Amino acid sequence: MSPEVLWYVIPREGPYPWEPAGRRPVDLAYLQQLGGAVDRLGFSGALLATDLYDVWSLGSVVAAAAPTFRPLLAIHPGLISPTLLAKMALSFEALFGAGRLRFNVVNGSTESLREYGLHLEHDERYELSAEYWQIVRRLTAGETFDHKGRFYDLKGAGNSLRELHDGPRPHVPMWFGGSSPAGIEMAAENVDVYLTWGEPPHLLKEKLDRVRERAAAHGRSLRIGLRLHLIVRDTEDEAWAAADRLLEVTSRETYARQLGRVEDADGVGWQRQYRQHGGRVPARARELEAHPNMWPGMGLFRPGPGTAVVGSTSQVVDRLHEFEAMGVDTFILSGNPLLEEAYRVGETILPALGVRPRTSRH
Ligand SMILES: Cc1cc2nc3c(=O)[nH]c(=O)nc-3n(C[C@H](O)[C@H](O)[C@H](O)COP(=O)(O)O)c2cc1C
């Protein structure tokens, strides 16, 4: 079976978008061009992370221009009412087609969520998350009910949503990435797809075994998705030279900002990534290669996924197959610039994974 492969769509885009000089102007037409390319090349959609733009606006404009594009929208629980979120989801699917939406359940950080009036520490946010997403799941599945929990007290939830669906329907799938015990427990009980950033296979295996074990304890099994950045070139030497170049073009300020980030420090996933490079900027990228082709160096200058697979086309394909053998059935990939690299990955890596472009079906 071929894996499901998603790409990444974000408005801060260019050859090295963590630096002003490496960012290109992005507007509505560009984002729709990117979404259209992602759709045609055979990706099943893209992850829309919390970033500069609100994900609903971004997801809607891309979905309007790309007929089968399925966005994975990153949503912090608790910032908007669960009933309103369900209404937004059902409206989206009424306009763009049923089954096109997925949620990426994100936990955020104590510091950044204060701006929105949410004052909850790391593990408490997962308690909120469990309650919030249980409500959203039932509402997007077309249920009506009363609910009284620690965070929400709802009366007749779903009554106003009846006209948006034709009765019971599958809930909007919930994807999730988090590595802390509280996060894994919340995921094991509630989500459909468990996501992780890249790690050397032995560390990843240990974590995935724990996730599967906790899901089984709840009588469930989860799909497993891996989020990886790719630096893929025709030859291995060219790929590592491209990684070296990223280290060269990154400013001291960016390294200092990223390595000094305190706001994400309560994220266990973030800490696991930090340990892979130890906060040291090497003279040559390859000094950080702990497992063949696995490069944790992206974490030195960009938030989020810190591990890239660096190598020739066949090496990158081998690594992805290695992860598939560990039970990974879904990849969320990226490369910079997103547009050019979507084509490169779509035309070289996807065929080797058995994923066909949409255009060939016509
Ligand atoms: C694939 C993936 C995508 C993520 N996307 C976002 C995001 O868009 N916004 C965000 O605030 N956090 C994002 N996160 C971070 C998680 O929501 C979570 O905060 C982080 O993994 C730390 O949680 P932990 O302490 O349980 O490990 C993402 C994590 C993963 C693995």
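Helices (H or I, at least four residues) and strands (E, at least two) are DSSP runs, numbered from the N terminus. The model is predicted, and local features need pLDDT of at least 70, side-chain atom pairs count only at pLDDT 80 or more, and totals for chains, interfaces and linings use all residues. Residues are numbered from 1 along each chain as its sequence is written, and side-chain values use heavy atoms, with hydrogens and water left out.

**View 1. Tyr30 in helix α1 (residues 28–41).** Tyr30 has 10% relative accessibility and counts as buried, a term for under 20% relative accessible area, with exposed meaning over 50% and partly exposed in between (1.4 Å probe, protein chains only). Not counting residues up to four places away in sequence, Tyr30 touches Glu13, Arg24 and Leu339, where contact means heavy atoms within 4.5 Å. With Glu13, the side chain of Tyr30 also forms a polar contact of 2.5 Å; such a contact is a pair of N or O atoms within 3.5 Å, and within protein one must be able to donate a hydrogen and the other to accept it, while residues adjacent in sequence count only if both atoms are side-chain atoms.

**View 2. Thr330 in strand β12 (residues 330–334).** The relative accessible area of Thr330 is 0%, and the residue is therefore buried. Leaving aside neighbours within four places in sequence, Thr330 is in contact with Glu4, Leu6, Trp175, Arg223, Ile224, Gly225 and Leu226. The side chains of Thr330 and Arg223 are joined by a polar contact of 2.7 Å.

**View 3. Packing of helix α2 (residues 55–65) and helix α3 (residues 82–96).** The two helices pack at an angle of about 10 degrees with their axes 11 Å apart, the axes being lines fitted to C-alpha atoms over the stretch in contact, and angles running from 0 to 180 degrees between N-to-C directions. Helices α2 and α3 are therefore roughly parallel to each other, a description used for angles under 35 degrees. On α2 the contact is made by Trp56, Gly59, Ser60, Ala63 and Ala64, and on α3 by Leu85, Met88, Ala89, Phe92 and Phe96.

**View 4. Residues around the ligand.** Among the 21 residues around the ligand, His122, Tyr126, Ser179, Ser180 and Val268 come nearest, a residue being near if one of its heavy atoms lies within 4 Å. A polar side-chain atom of His122 lies 2.6 Å from an oxygen atom of the ligand, and a polar backbone atom of Asn107 is 2.9 Å from an oxygen atom of the ligand. Thr50 places a polar side-chain atom 2.7 Å from a nitrogen atom of the ligand.

Notes:
Angles under 35 degrees count as roughly parallel, over 145 as roughly antiparallel, 65 to 115 as roughly perpendicular and the rest as oblique.
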